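Here are some notes for a colleague who is opening this structure for the first time.

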Amino acid sequence: MEEVGEGKDFSFPREEEKVLSFWNQIDAFKTQLKRTEHLPEFIFYDGPPFATGLPHYGHILASTLKDIVTRYQTMTGHHVTRRFGWDCHGLPIETEIEKKLGITRRAQVVEMGIDKYNEECRSVVTTFVEGWEEVITRSGRWIDFKEDYKTMDLNFMESVWWVFAQLFDKNLVYKGFKVMPFSTGLKTPLSNSEAKYKCKEVSDPDAMVTFPVIGDEDNAAFVAWTTTPWNLPCNLALCVNAKFVYLKVRNKHNGSVYIVAESRLSALPANADTKKAKAKGGAAADSYEVLDTFDGASLVGKKYEPLFDYFSDFSSVAFRVVADNYVKDDSGTGIVHLAPAFGDDDYRVCLDNNIIEKGEGLVVAVDEDGLFTERITHFFGRYVRDAEKDVIEAVKAKGRLVKTGSFTHKNPFCYRTDTPLINRAGPAWFVRVDEQLKEQLLKNNDQTYWVPDHVKDNRFRNWLEDARDWCISRSRFWGTPLPIWISDDGEEVVVMDSVDKLEKLSGVKVFDLHRHHIDQITIPSCRGPEFGVLRRVEDVFDCWFESGSMPYAYIHYPFENKELFEKNFPGDFVAEGIDQTRGWFYHLLLLSTALFGKPAFRNLICNGIVLDENGKKMSKSEKNYPPPTEVIDEYGADSVRLYLINSPIVRAESLRFRKEGVIGVVKNVFLPWYNAYRFLVQNAKRLEIDGSGPFVPTDVATLRSSNVLDQWIHSATQSLVCFVRQEMDGYRLYNVVPYLLKFLDNLTNIYVRFNRKRLKGRTGEDDCHIALSTLYNVLLTSCKVMTPFTPFFTETLYQNLRKACEGSEESIHYCSFPEADKTRVERRIEQSVTRMMTVTDLARNIRERHKLPLKTPLKEITVVHPDAEFLDDITGKLREYVLEELNVRSLVTCNDTLKYASLKAEPDFSVLGKRLGKSMGLVAKEVREMSQQDILRFEEAGKVTIAGHTLELTDIKIVRVFKRPDGLKETEIDANGDGDVLVLLDLRPDDSLYEAGVAREIVNRVQKLRKKSGLEPTDFVEVYIESLDVSVLQQVLSSQDQYIKDTIGSSLLPSTLMPPHAVILSYESFQNVSKLSFKISLVKFNKGAL
C-alpha cells in the first residue's frame, strides 16, 4: 500500500475527479454491464425529466436513490440496464421556443408553419443534455447517456401509438369534454400549471340569486351565491351538501321565503332592500323567521324555475337540485349554481347526476374569443366579462336578485396576452376509468411495495379511489400526435397501432410521426371514393401518456425486445418524488392495468421535496440555494449524496437544504473514516520500515484472534452486512444509512481508539499483525458495503487496499456485495462492548460536568447494575479498556441498586394517555406511589397490573436518584445514570496519581509538537526534555517510563545527553503544566544516542 497524507490535506473533490478519470480509463460502467450480462435481469425504469434547465438538488436526490439501488442490485448478482430518458414534448419545450421567437398567440404558430415551429422545438430539446450529463456523472451516478431514450424518437412514439390502440380496442377511449383554464387572448386552453404562471389581485362582482322551488307551499326559493355572474345564463342545476342542515326562513320585513344552509344564514341581507338594511343595522338572524329545518339530502331532486330560457331544451333533465361534498360552508349560502361548461366541479357533478352526458353533446355557449354564442340571445356577441354587469341587471329585472357586491381575489391571467383566464369546456379525448378498471387499479396497487408505505396506503390509494376519466389529448403542436383518422361524416374511425399500418393504408412512406410529417396524410374510406378520405384529428398526446408508456416505448415494445419485456414485466424498481404520486406513478399504473391487468412496477421509493434552508421552494430567480455544482466542487459528491440520503427526505418528508449539513458529513463521517484508513496504512508502512517486508493481511476466513475487540469488530462487521442486506432488500434506505454511520463511528472511536497500542506494535509484532489484519479486513468489507452509497471514496480507499492482496478486482464496483458469515456474529460480545460504551460515556459526562480532563487520573469508578452478567462484562476482558479509556486506577462493581440510588416510577403519558383515557389519572397516581420493592419486582417481571391495566416496561419510566454517601460532597463523588445502570466516580485528588497525570500531560505535549512539526507516525525522532525549574520532573520520568515508552514509542532523554551536533527539528517550552515547566526538543534520529 502507498503512503497517504493527513486528513486536512486530503481533498475529497480532487480525489473524486481522479476516480472519474480512472472509471473513464477502464470504461468501468460498460465493463460492469458486460461482466454481468449473463446474470438475472433487474429491471429499472427511469422516469424522463425535461431538459429545459440544469438539474437541481431534487434531481440529484432522485438520481442518488436510483444509483444506490441499482449499484446494490448489480453487486448482489443482477444485470441492471440503466438508460437515461428525456421528456421531449409539451409545454416546457413550447414555452422555451415561444420566448425565443416572441410568439404570443396560437395563430402565430399557424402563420409561421407547424413544420418550422416543431423543428425549432426539436432543436432546443437537447440544449441542456450535455449539462445534465456532466452534473449527473459528477454526482457519481452510473447511467447510459449514449443509449438514452427520447420521447420524440420514432420508435418511442410508435410504441405510444400501440399503447393507445390497445386501449381503443378495449373500448376505454372516448371523445368528450374537459373544463380547462382558457385564454381568450390566445384562443386556446392552457394547462393547470400554465394557469398558475401569472395571477393578479382583482375586484370582481358577485351576486346572490333566487331560484324559486316549483310546487313549494310557501313559495320558497333556493338562494345561491356566485362569483362568476357572467355564466348565470348557462345555469343547469343547483348543488347542496347532503350532510349540511338547511333552513327555510321568512324575511320578517318583506315576507320573502328563502332556503339556505343553517350555517350560512348570516350571509343573507338583513333586509331585501340593501340600503334600508344598512341604515337599520339589523342582523340576519333577527330579520328571519325559521319555518322549517331539513338535511341537504332531502332537497335532492327538487325542481326550480330557471333564471333564463336559453336552455329550455334541457328542462327534462336539468333545473333540479343535486348533492356533492365539494359544497362548503365557509362562504356563500351552502347552495352552488352549476354551469357545467364553465367549471370543473360543475361539469363533474352534472355528469355524475345525468344532467349532461359523456361525449360531444355538451353545449358551450361561449366561443374561443370569450363571446356569448347565438344561443344566449340577449347577450350574443358580447365578451363575457364585459357583459357581467348587464347579466346582473337582467337578473334584478326579473326580481331574482337578493344582493350584489364585489369581492377582491387573485385571478389567473394569461402569461402571454395578459388577459383574464376563464374556465371553459372543450372537446378532448379521454381514457375511461370505470368502476371495473378502478377496482383493478386498487388490487394492483396492493401488489406493489412502496417505501414509505403510508404514501401508498393513504395518499396514493385515496387518489385511486377518486380516479376520474383521464383527458389524454392536448390542442398543441409539439407532441406525439393522436393516431386517430376520422371521416368527414364521423362515421368511420381508424386508429393506427404502428407505422406499418399507416403506410399500408395511406400508401405513404413515413419517417417521422410529428404533426408536420403526418397531418397531411389521408386514408381512403373503406366505404368507397364517394365517402371521401379520413383525416387525422389535430390533437397530440398529454405528456403523461408518453411517460406512462415508458416501460414499453423505451425498448420499442412490441416491435422489438418482446421476449425481454414479457419475461421481466412488471419492472423491479422505480423511484421519484412524492409529487409523482398523481403524476408518473399513477399513469404507469393506469396504463399497465388497462393493458395487461398488472402493475407496471414491483418496488417503489418515494422521496420528499428539497426546500431552501428557510423551508421555501428552491427558485433559480431568487437564488435561494447554493448551486449543486459549487457544493460538489467544494465538498465532494459523496458528501452531498450521504447528506441527502441520511435525511427525512428518504421517508417522503421535506428537507431544508443546508450547506452546513454537507460540511457536517465531511467532518463527522468522511474525515474519521479516512483517518482510520490512514492509521492502518501508516502502521502497515511502519512494519515494512521495521524490516517485516510489505504488509500482507491475513485472510479474513483464517484470521482468528483472542482479543475481545477484534472479535467484537469482526462480529459487528458481519452484523452490518446482515443488516444492510436485509434493509436494502426492503428498499429501506432510511434505516441503512444511520446504521452505516454508527458502524463507522464505532470503528474509529472504539476499535481504532482503544487499540492504538496494538496497531502501533507496542504489544509485539504478531499481535500488531493480527490487529492490522483485522482493521484491514473490516475496512475492506465496510468499503464494499458502502460502495453503492459513496462510490468515489470507497473506490479511492479500495485502490490502495487492493495493493496488499493479489488477485483483487480492478475496481471496487466489480466486487460482489459481501456475504454475511453468521458464524462470526457474536451478539454476546457486541452487547458487552455496548455496555462498556454506556459506562464510559456516563463517566466521561461526569468528568465534563466537573471540568476534569481525561489526562487527570482518578482513583476509582463504581458501576451499579442489578444484572450480574452486565457487571461481568465490565470486569472481564473489557476491564482494562474501561480503566485506560477513563484514566481510572480501579473499578468496583455493585449489584445493590438501592445502595447508591432511590427509585421513582413515572408514567409515560405520551404512551399511556390515548390508551387509558379517563383512567389515566388513577393509574398515574398509583404508578407514582410504587415502592422501591414494587419497582424492582416490576423491572424483573417486565410488567405490572395497576387499576386493572397491564403496564409494560415501555409504559413506565424508572428514574434513579443518586444518594451520595454520607460525609461526601458533590465535588468529591458524583454519579450519572442511564436506565438501570449507574456510574459513580471518585473525584477526590490523590497524591499517588499525581505523577501519572503529569506523564499524560508531557506525552500530550510531545504528540502535539510532532504534529505541529509535520511528522508522520512512521517518522522516528529522538525526544529530549529539559526541566526549566526545580521540580520532580526526573522522578516522574523514572516512575512513568514504561507508560511514556508505550505511548510515544521511546523514552524521554535528558537534554544533557543531546549530542552537540544534533539536528533539532523543532522545540517548544511549556510553562506551569501540572506546576512544572519544561522544554521538549525533537531531534533527527541518531542510533548512537540510544
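This is a predicted model: local features need pLDDT of at least 70, side-chain atom pairs count only at pLDDT 80 or more; totals for chains, interfaces and linings use all residues.

1. A residue is called buried when its relative accessible area is under 20%, exposed when that area is over 50%, and partly exposed in between. With a relative accessible area of 38%, R988 is therefore partly exposed, whereas D986, with 9%, is buried. These two residues form a salt bridge in which the closest N and O atoms are 2.8 Å apart.

2. Are D216 and K248 buried or exposed? D216 is buried, and K248 is buried as well.

3. Another salt bridge is formed by R536 and D519, with the closest N and O atoms 3.0 Å apart. Here too distant parts of the chain are linked, with R536 in strand β21 (residues 533-536) and D519 in the loop between α17 (515-518) and β20 (523-524), 17 residues apart. R536 counts as buried because its relative accessibility is 7%, while D519, at 26% relative accessibility, counts as partly exposed.

4. Strand β24 (residues 601-607) deserves a careful look: six of its seven residues are buried, so the strand is largely enclosed by the rest of the structure. Strand β15 (residues 449-451) runs parallel to β24 and is joined to it by three bridges, and the bridge partner of V451 in β24 is I605. Strand β23 (residues 571-577) also runs parallel to β24, here with six bridges, and G577 has N607 as its bridge partner in β24. Between β23 and β24 the chain passes through helix α21 (residues 584-596), and this β-α-β crossover is right-handed.

5. Which strands make up the open sheet, and in what order? Four strands form it in the order β28-β27-β34-β33, with mixed pairing. The edges are taken by β28 (888-894) and β33 (973-978), each of which has a single partner strand, so that one side of each is left without a neighbour in the sheet. On average, neighbouring strands of this sheet are turned by 20° against each other, direction ignored.

6. Within that sheet, strand β27 (residues 858-864) pairs with β28 in the parallel sense over six bridges, and I861 has L891 as its bridge partner in β28. Helix α31 (residues 868-875) lies across β27, β28 and β34 (981-986), running at about 165° to β28. Helix α32 (residues 879-886) packs on the sheet as well, touching β27 and β28, and its direction makes about 125° with that of β28.

7. Finally, consider helix α12 (residues 344-352), whose buried residues are D346, Y347, R348, V349, C350 and L351. Just after α12, N354 takes a positive phi of about 60°.

Conventions:
Residues are numbered from 1 along each chain as its sequence is written. Side-chain values use heavy atoms; hydrogens and water are left out. Buried means under 20% relative accessible area, exposed over 50%, partly exposed in between (1.4 Å probe, protein chains only). Helices (H or I, at least four residues) and strands (E, at least two) are DSSP runs, numbered from the N terminus. Two strands pair if DSSP finds at least two bridges between them. A crossover is right-handed if, with the strands pointing away from the viewer, the path from the first strand over the helix to the second runs clockwise. A salt bridge is a side-chain nitrogen of Lys or Arg within 4 Å of a carboxyl oxygen of Asp or Glu. Axes are lines fitted to C-alpha atoms, for helices over the stretch in contact, and angles run from 0 to 180 degrees between N-to-C directions. Contact means heavy atoms within 4.5 Å.
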